[in-house]
Each structure stands twice: as C-alpha cells, then as structure tokens.
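Trainee: I would like to learn how to read a few features of a protein model. Please take them one at a time.

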Amino acid sequence: IHNNPPSTDGSRFMPRVEAKILVSVSANAAEMGSIAAATARGLGDIQLRGGNRKPATTLFGGPVLCVACKDEASDGGSSMFYTRKPGTEERTSANYISSGPTLPYPDFVEWDDDGRLCAVVVQGLVAVYLSEDPEFILLGNVQLGAPMERNVVVTSLKFVYGVLYCTTKTTVQCIFLGDIARDGICHLDTFILASASGPSLPSRSFSLTPPTIAMTLNHPTILGYQSGSLLVSTNIGVYAIRLDHPLLRIGCLIAAGLPSRAQRWLGSIPYQYHEALAAFLERRGHAILAASLPGLSLETLVDLCLRYGLTERLVELISLYGLRGLRQIDLGRGVSVGILGPEEHDHSVVVCVGAYLLSEGQSEMVKNMAIECLETGDPASTKEALLLSSLLLAIDPVPAKQMLRTSVGEKRETHDIMLQAEEPEFVFSNNYPMDSLVRDHIL
C-alpha cells in the first residue's frame, strides 16, 4: 500500500494498492554484488471495488490477495479478495478483479500449502473457504474458545497436513474439515486439545471425544507437527501436545490422505462408539471406512450403502442377514402419527433395496429376493414380491411374469357356453388394490 502524491488542489494523500512482480537478473550480475538477485517491476494500481470510498489499510498475502479496509466509524471495516481474471496470462494490474463476497475486517488470513484452503478469523469466529479460481466458496465456520471464555481473541492458526489448528489466549484447538469434494457446506468438527481451564484429572473411562489437557497457556502460537505431537510456543516456553487419542489419529491420517493407515486405528475404539465414529467418518467423506465398522446396526449399514452407492457391501449384507434381517428394520421404525392418525410407510426396506439393486444391474439378486418373499407366504411378503416383480418386468419379463402370477393369483382358461368365448378366471389368495390392475393389464 502506497500513498498517492499530493494533487495540485492540495487534497489529502489517498492510499492505493500497487501490484509488483519480482524479476530475476542474471547470475553473473548478482554474483558481482552490485545489484540484487531480483528486482521489482510495477504492474500498476489495482482497481478496488468501491473506489476510494473505503481506502485500503491492510494487505493479507497468499495465493489470493486480501485487501482490508478499516472503518471504525461504522461497522469496523471490510475486506475483499482479488484474483486474476480467468484465461489471462498477462501480468498487469488491470487483470485483477474482486472474487467472492465482501467479508468483515479479518484478524488473520491463513492459507494451506496447496493454496486451496483459506481460513479467515474475525474476532472469535473462523471461516474456512475453498479457493477455486475465480470463485471463493465458503465451506463452514466455527466459534473458537472455551465454553466459559468471553471476548475470545485468536492468537494464531495454521494448516498442518490438512488439519486447521487454532489458538486463543487460553486454548489450543483443532478443526477437522469435511468432505470438500462434495457440493455444499461441509461439516467441521472442532476439539479443544488443551486449555488453561481444562480438567486437572484424566477420565478413567474411554470417551470418543478427545480429553482436554490442562496446561498453563499464555498467548500460545502454533509452530508445527512433529513425532505425533503438536508443537506450541508460549511466553514461558514450548510445549508438545500429544495427539495420541484414536479419534485424533484417525482424523489426522484421513486429512493427510492416508485412509489405509487410519483404518488400523478403528479397532482401538470400542463397539458401543461405532455409530458416532461412523458419523465422524462420513463427515470426513469416507463412507467406505464407516461401513466397515463391525459395531454398526444393520439399519445404519444399509443406509450408508444406499446413500453412497456401496453395492458390493450391500449384497454382502443381504447374503449375511437375509430378508428377515431387512424386515427387522421396518419393525424398528415404530408408528408415524400424522394429523389424521397413524400412518404407514410407503414401501418396505426390502422394496427400496431391491429398487436400488436393479439400478446397479443386480437383477439376479432382486429375482432371488422376490422368490424368497413368495416362499415366505405371508401377506406382507407377497406384497413385496408383487412390487419387486413389477420392477423386474422392464429388465427380465419372463421370470417376472411368472412371479407376478404367483403373487396375484393363478390364471386359467374356462369356456363359457352362453358367450361362446373363452374368459380368464383367476384364483388367488390375496386381494390387494393392485392385484386386479396387474391381472387385467399386465398378465
């Protein structure tokens, strides 16, 4: 930021943002010592949004330039990111445009090593953005500080192997990011690793939430990661905070792109915490790891398979538990009550699973499911066989019609002497509203 020279009319100096580029010189000239190894070449002034109504006061460097404007009289200030126009190769100030919305005046702006993730701190709130030129996408935000801490002041933050570590005056916290590959706002999970007001005695029983270490902290600053510990500098020394809790290990390894190593830690967590662990893994974008947990209920496993397309795992579950296991999910739903009284669910889990498997080309599996429903013989199973057979008609009509005849009734030809014509007669054991429709228009 520079000040413009005074104008002829005696107006005040106005701050401006000038873009410069470092141009390297020849090695021989640099070795002579008379000139530097690189010189700066001006690219011109960047045109800020809003002109000079709010002069720039602070610059935050990084892959994308952040220009902040302080305004104590109104809202405290604002900031804007500026990036080069897409498709432009010439490095001139005219090619820089604003990107994303106007943000409050930040305390910190921190980037990861790849230049894709950006954390912006405004007072005690940290917001994480994904930079995809020329767009700036909000992934999520979280409030920092201990539960009883007031007037939270963030002292440092740093991305380390995909995990965002933050410090306030009295706490050290970590933030695990969600699945940034999916559209929409991702889920952030935050844990307080150390606190000046933390518990003094460790808990004897296991908890899925990592314990908070009681530690004397005085303006801590994140240094980095070494040998399984987070290095933190304070006014009275350097501390190493162990990250040996299984959930922290799993989260750190996933963030670092090492899911196979994270899988080895899954066995360290007792079965009764697997439902919550599966939700944590799902928020990290690793549904396959979640579906491998042995302590999950069948309902959770089927739900994961249907939502994330885990066809092989779903076929394995059907072979292991059978249709009887799937029907137990329906029995566990309870009764839904609407304004008109009790309501029935539209379709059973068996039918929903069958429809999904057909979309994945598993027609033989669906055929076996329909046959098993017919062999059961009760009205509910017969209805499931009817629906599964109807879905099979478009893919394999011959066996589908045979199962439909079994589910809605057998058809035989009789001779009517008075009408001198053969008419179909049906013999069936169940009378669902769809039966007559199927007999009249499909069979």
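What follows covers a pair of helices, a sheet and a loop residue in this predicted model.

Trainee: At what angle do helix H7 and helix H9 pack, and how far apart are their axes?

Mentor: H7 (residues 311-331) and H9 (residues 363-376) pack at about 30°, and their axes lie 12 Å apart. Angles under 35 degrees count as roughly parallel, so H7 and H9 are roughly parallel to each other. Their crossing is right-handed.

Trainee: Which residues make the contact?

Mentor: H7 contributes Val315, Ile318, Ser319, Leu323 and Arg327, while H9 contributes Met365, Met369, Glu372, Cys373 and Thr376. Of the residues in this contact, six are nonpolar, two polar and two charged.

Trainee: Now the sheet. In what order do strands E18, E19 and E20 run?

Mentor: The order is E18-E19-E20, in an open sheet of three strands with antiparallel pairing. E18 (221-226) and E20 (237-242) are the edge strands, as each pairs on one side only. From one strand to the next, the twist averages 25°.

Trainee: How many bridges join E18 and E19?

Mentor: Five bridges join E18 to E19 (residues 229-234), in the antiparallel sense. As one example, Tyr225 has Leu230 of E19 as its bridge partner.

Trainee: Last, the loop residue. Is Asn95 buried or exposed?

Mentor: Buried means under 20% relative accessible area. Asn95 has 13% relative accessibility, so Asn95 counts as buried. The loop that holds Asn95 runs between strand E7 (78-84) and strand E8 (96-104). Leaving aside residues up to four places away in sequence, Asn95 touches Thr83, Arg84, Lys85, Thr88 and Glu90.

Terms used. Residues numbered from 1 in each chain as written. Predicted model: local features only at pLDDT ≥ 70, side-chain atom pairs only at ≥ 80, totals over all residues. Heavy atoms only, no water. Helix = DSSP H or I, 4+ residues; strand = E, 2+ residues; numbered from the N terminus. Buried < 20%, exposed > 50% of the residue type's maximum accessible area, 1.4 Å probe, protein only. Contact = heavy atoms within 4.5 Å. Axes fitted to C-alpha atoms, helices over the stretch in contact; angles between N-to-C directions. Parallel < 35°, antiparallel > 145°, perpendicular 65-115°, else oblique. Left-handed = near helix turned anticlockwise from the far one by under 90°. Nonpolar A, V, L, I, M, F, W, Y, C, P; charged D, E, K, R; others polar. Pairing = 2+ DSSP bridges.
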